[in-house]
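Subject: Structure handover

Hi,

Here is the structure I promised to pass on. Please open it first, then read my notes below.

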Amino acid sequence: MIELVDTHCHIQSIGLRKGEPATRELWAKANLTANEVIENAAAAGATRLVCVGCDLEDSRLAIDFAKDREGCFVSVGIHPHEAQHFAGNQAKLDEFAALAKSPKVVAVGECGLDFFYTHSPKVDQVKVLRFQIELALSNDLPLIFHVREAFEDFWPIFEEYQGIRGVLHSFTDSEENLKKALNYGLFIGVNGIATFAKNPAQLQMYKAIPLENLLLETDAPFLTPTPYRGSINEPRQVETVSRFLAEMRDQKYEDLATVTTRNARHLFGL
């Protein structure tokens, strides 16, 4: 079986009454255990999963979740939606920073800027993004970036730092921003959105991503790919995403799977 890596999923709150509320509520509807989700993923070839935190508690859950589970790894992050709860609170930031040295932590994020919703003030998002970039650099970790309707503000901040490694998660933006990301050596994370995208420019952008910069992800339990819309997304659907991309890009599935897995292992040290 060809090995795949789901480089971005949120499975650490399955069956729990804590963690990011929207995530755990979706998992409650799935009637699945965490072990079943991991087994389903492995049956589809997804033997390595990066469990991504969205705040302090969620990141702690991810660390506990992955600790004794082979093939599960962690990214600790403060999502831009949560930035207002951390900006200016040094005690909470210090608690979060300590997590970066925990076992199986392979990245910082998801972090970034989201000006589509602006659940947190822009100034707080910027402060918390800078904090996480500096945390990643000081611990020699890559970053998982969430950037939505905010690249004009994101790039000037990014350019102030040297040596950033990372991925633009759930990338749906323009070829112009794709080219900029590639110039900086960033990876591009693609998930189920690609399977139901209709915009010709967006589809062309997916085709333009060099295979050497492509990462596969699901964002489970969100963004279920076609033809499974209406069901709860699982890491196993990384296979659906990879097969769709291979066909759309006119590439052999085996080649796309092999190179994206190599990319993930290289970036995250898996």
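Start with the contacts. Take those in the chain with a separation of 6 or more: 71% of them join residues 24 or more positions apart. Please keep in mind that this is a predicted model.

**Overall build**

The chain has 11 helices and 8 strands. Along the principal axes, the C-alpha atoms fill a box of roughly 50 × 40 × 30 Å.

How much of the chain is buried? Of its 270 residues, 57% count as such. The exposed surface comes to about 11,800 Å². Carbon and sulfur atoms supply 47% of that area.

On charge, there are 27 positive and 37 negative side chains. The centres of these two sets lie 2 Å apart.

**Cysteines**

How many disulfides does a search of the whole structure find? The count is 0. Cys-54 is in no disulfide, and the nearest cysteine sulfur belongs to Cys-111, 11 Å away. Cys-54 is also buried, at a relative accessible area of 8%.

Cys-72 is buried, with 0% relative accessibility.

**Around His-79**

Next, go to His-79. This residue sits in the loop between strand E3 (72-76) and helix H4 (90-99). Is His-79 buried or exposed? It is buried, because its relative accessible area is 9%, and the cut-off for buried is under 20%.

Which residues does His-79 touch, leaving aside its neighbours within four places in sequence? They are Cys-54, Glu-110 and His-146. Cys-54 is the buried cysteine from the section above.

Glu-110 has a feature of its own. Glu-110 is part of strand E4 (residues 105-114).

**Backbone points to check**

Most peptide bonds are trans, and most residues other than glycine have a negative phi.

One stretch to view is the loop between strand E8 (214-216) and helix H10 (238-248), where Pro-221 is found. The peptide bond from Ala-220 to Pro-221 is cis, with omega near 15°. Asp-219 lies in the loop between E8 and H10 too. Asp-219 is not a glycine, yet its phi is positive, at about 60°. Asp-219 counts as buried, at 9% relative accessibility.

Asp-250 also has a positive phi, near 55°, and is a residue other than glycine. Where is Asp-250 placed? Look in the loop between H10 and helix H11 (253-268). Is Asp-250 buried or exposed? It counts as exposed, because its relative accessibility is 72%, and the cut-off for exposed is over 50%. Asp-219, by contrast, is buried.

Best wishes

Note on methods. Residues numbered from 1 in each chain as written. Predicted model: local features only at pLDDT ≥ 70, side-chain atom pairs only at ≥ 80, totals over all residues. Heavy atoms only, no water. Disulfide = S-S within 2.5 Å. Buried < 20%, exposed > 50% of the residue type's maximum accessible area, 1.4 Å probe, protein only. Helix = DSSP H or I, 4+ residues; strand = E, 2+ residues; numbered from the N terminus. Contact = heavy atoms within 4.5 Å. Areas by Shrake-Rupley, 256 points an atom, 1.4 Å probe, with all protein chains shown as cover. Lys, Arg positive; Asp, Glu negative; His and termini not counted. Charge placed at Lys NZ, Arg CZ, Asp CG, Glu CD.
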